[in-house]
There are 2 protein chains.
Amino acid sequence: MPVTATDVARRAGVSQSAVSRVFTPGASVSPRMAAKVRKAAEELGYRPNRLARSLITGKSRVIGLLVAYLDNQFYPDAIERLSRALQARGYHVMVFLASNEAAEVDGVIEDLLSHQVDGLVMASVSISSDLAGRCADLGIPVVQFNRAQGDDRLSAVTSANLAGGREVARHLVACGHTRIAHISGWLGASTGQDRARGFAQGLEEAGQRLFAQIDGRYDRQAAQDAAVELFSAPAHARPDAVFVGNDHMAFAVMDVIRFELGLSIPDDVAVVGYDDSPIAAWPAYDLTTMRQPLGRMVEQTVDTLLDRIEQGDLAPRRVEIGGTLIRRGSTRPLQED
Amino acid sequence: MPVTATDVARRAGVSQSAVSRVFTPGASVSPRMAAKVRKAAEELGYRPNRLARSLITGKSRVIGLLVAYLDNQFYPDAIERLSRALQARGYHVMVFLASNEAAEVDGVIEDLLSHQVDGLVMASVSISSDLAGRCADLGIPVVQFNRAQGDDRLSAVTSANLAGGREVARHLVACGHTRIAHISGWLGASTGQDRARGFAQGLEEAGQRLFAQIDGRYDRQAAQDAAVELFSAPAHARPDAVFVGNDHMAFAVMDVIRFELGLSIPDDVAVVGYDDSPIAAWPAYDLTTMRQPLGRMVEQTVDTLLDRIEQGDLAPRRVEIGGTLIRRGSTRPLQED
DNA sequence: TTGAAAGCGCTAACAA
DNA sequence: TTGTTAGCGCTTTCAA
């Protein structure tokens, strides 16, 4: 049933390896040969079997994508772009879902290896960070996307989280706030930690201190709880501004502030997020946020990974891309102090 | 560098085929042999090469997932569940992104075939419907997820869109509305059409007629434009309720109604969506919507596909799963008429 | 139950 | 430029 190169060869009256050459970019074939073979292939509906090709070349042209959850819109957006970019360069993405349980992580490694992926993108903060290291030990090129855990042998592409946190602090101070809190991203992850550190630094540089800080763990529910805790106090005892570690949590925090506690944004409380995920621009949230330049992050991820795979460029790269503060309605305009 | 079955065989002092048997479920090996081989494999860090296995068995245990865009949260959610379910059964998902352009679609088919996917899930409404047919012609099992285009040879899993549309109509009438409009899903797709037809039927059965209908094409921008068109009129000349073809569009419509036109939901206008995507439950939207039972839809998709692949069950299945109306704050409580 | 041998569909020397 | 040949790492007969 499946048409093989041998079938095509027979019909075209040439050798099987000639057929192979016609379908191998960069091989030397005469135009006549190519035409003859392509015609026969067309007639038979032949396409090369990538499994067989991969078995020989040792290259599968498949990139593993490891993610944990897709509820934060930033990630589907990233996956879509990543997948398109790789597809454009002749690769495809195989999805591996993992949570944090050791047993599951082991299984995933088995899967990854047995599928002979050429490389791996880790696009989830909440995955055991030594998984990346173990894959790297086994010789699989790994790029961490939006995280920079682990040792320096691992490549990583992130936005400038430290600088970003600092910029958010400056903005909130410039808006005239004096009781500024932080519901952080997961402090077990580099992104969460860097944003929190940058934020604290920024406040200090402006002569302020954090009013309060709670670990939101990049989890919607945890962020909600944190918001209730922070904003249930009377006006003088609660923050007048809060920086939330990513947009996904910020939406939950805004909902609590407005609909559960009846406070107004930005008049009672200003809110800033991180990511500029698509929903941040929706009028119902209109969230001021640090934009992570997704397009460029994806580009860098793909370049880093494919350079490693195709050029054997072994030096790990740590790419950091500057973000931009996007001012929207969840913070007051400046000079209002 | 890569460890092969032959390496393991040598170390264990057995034949290479014995090693193969140990890693082939259901093959006959003595416990002693198994132990010896597993020990050697462990020591060498061996895992079977799935490419080589697939080349022989003709089964890749890879399922292609064809999607167009991931901006509607319903789909990432579906992908996550689908991928987990398949992973649990020893399969993996390879992502193929396609828009609607003929050239691109052809390229995608080439890719799918050359990667020897065992089956294909089409999870996007906006893809040329004959693509599914062409894959089916080539012998690849195809299941359409959340769409039921094309001829009957294709399996499809959907929710009961006709009944769902009807139920929405009944609900809006019961709430006392009399000028009921519809911003439909894409009318070129079965889901959009069925929901619209069911909705119109439901209104008729209640002695009403559609106040207006615009094709929103499952597109956020188109839905926004439609909302402006419908609701810019003075109170007596505009709808007092609108059924939007999916949640993703409904959010845009709600934003226009509230923030652009300054109307109130549900007092001036009631809004109903379709999907019950995660965001519908967020307080900022609190959207009444027909829930598509995602978990069961995914189960059925996986079962249908794997039965076809593993049992050779060739009869196409058309599964329709009943939805549930989830009442939230975007429609008034009953008896308010 | 085990090993020897053939071959899945292809690429990549090597010769011609 | 083309054909011949030898495998890639594995599964699967077939004999032993």
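A residue counts as near a molecule or strand when its C-beta atom, placed from the backbone, lies within 6 Å of it, and helices (H or I, at least four residues) and strands (E, at least two) are DSSP runs numbered from the N terminus. The model is predicted, so that local features need pLDDT of at least 70 and side-chain atom pairs count only at pLDDT 80 or more, while totals for chains, interfaces and linings use all residues. Residues are numbered from 1 along each chain as its sequence is written, and chains are lettered from A and ligands numbered from 1 in the order in which they are written.

**View 1. The surface near DNA strand C.** DNA strand C is surrounded by 26 residues, of which A:Ala5, A:Ser17, A:Ser20, A:Ala52 and B:Ala18 are the closest. At least two residues each come from H2 and H4 of chain A and from H2, helix H3 (31-44) and H4 of chain B, and H4(A) gives the most, with five residues. With Ala, Val, Leu, Ile, Met, Phe, Trp, Tyr, Cys and Pro counted as nonpolar, Asp, Glu, Lys and Arg as charged, and the others, Gly among them, as polar, this surface has 13 nonpolar, 11 polar and two charged residues.

**View 2. The surface near DNA strand D.** Around DNA strand D there are 27 residues, and A:Met33, B:Ala5, B:Ser17, B:Ser20 and B:Ala52 come nearest. Here H4(B) gives the most, with five residues, and the classes are 13 nonpolar, 11 polar and three charged residues.

**View 3. The side of chain B that touches chain A.**

View 4. When copies are superposed by least squares on the C-alpha atoms of residues with pLDDT of at least 70 in both, a rotation of 180° with 0.0 Å of shift along its axis brings chain B onto chain A (RMSD 0.1 Å). The two copies are thus related as by a two-fold rotation axis. Of the residues of chain B, B:Met94 comes closest to that axis, its C-alpha being at 2.1 Å.

**View 5. The sheet that joins the chains.** With strands taken to pair if DSSP finds at least two bridges between them, an open sheet of 12 strands with mixed pairing has the order S11(A)-S5(A)-S4(A)-S3(A)-S1(A)-S2(A)-S2(B)-S1(B)-S3(B)-S4(B)-S5(B)-S11(B). Strand S11 (318-321) of chain A and strand S11 (318-321) of chain B stand at the edges, each with a single partner strand, so one side of each is left without a neighbour in the sheet. Strand S2 (residues 92-97) of chain A and S2(B) run antiparallel and are joined by three bridges, with A:Val93 opposite B:Val95 in S2(B). S3(B) and strand S4 (residues 142-145) of chain B instead pair in the parallel sense over three bridges, where B:Leu120 stands opposite B:Val142.

View 6. B:His115 is found in the loop between helix H6 (102-114) and strand S3 (119-122) of chain B. B:His115 is buried, with 22 other C-beta atoms within 10 Å, where buried means 20 or more such atoms within 10 Å, exposed 12 or fewer, and partly exposed in between, with C-beta atoms placed from the backbone. Not counting residues up to four places away in sequence, B:His115 touches A:Arg50, A:His92, B:Val62 and B:Met94.

Notes:
Two residues are in contact if their C-beta atoms, placed from the backbone, lie within 7 Å.
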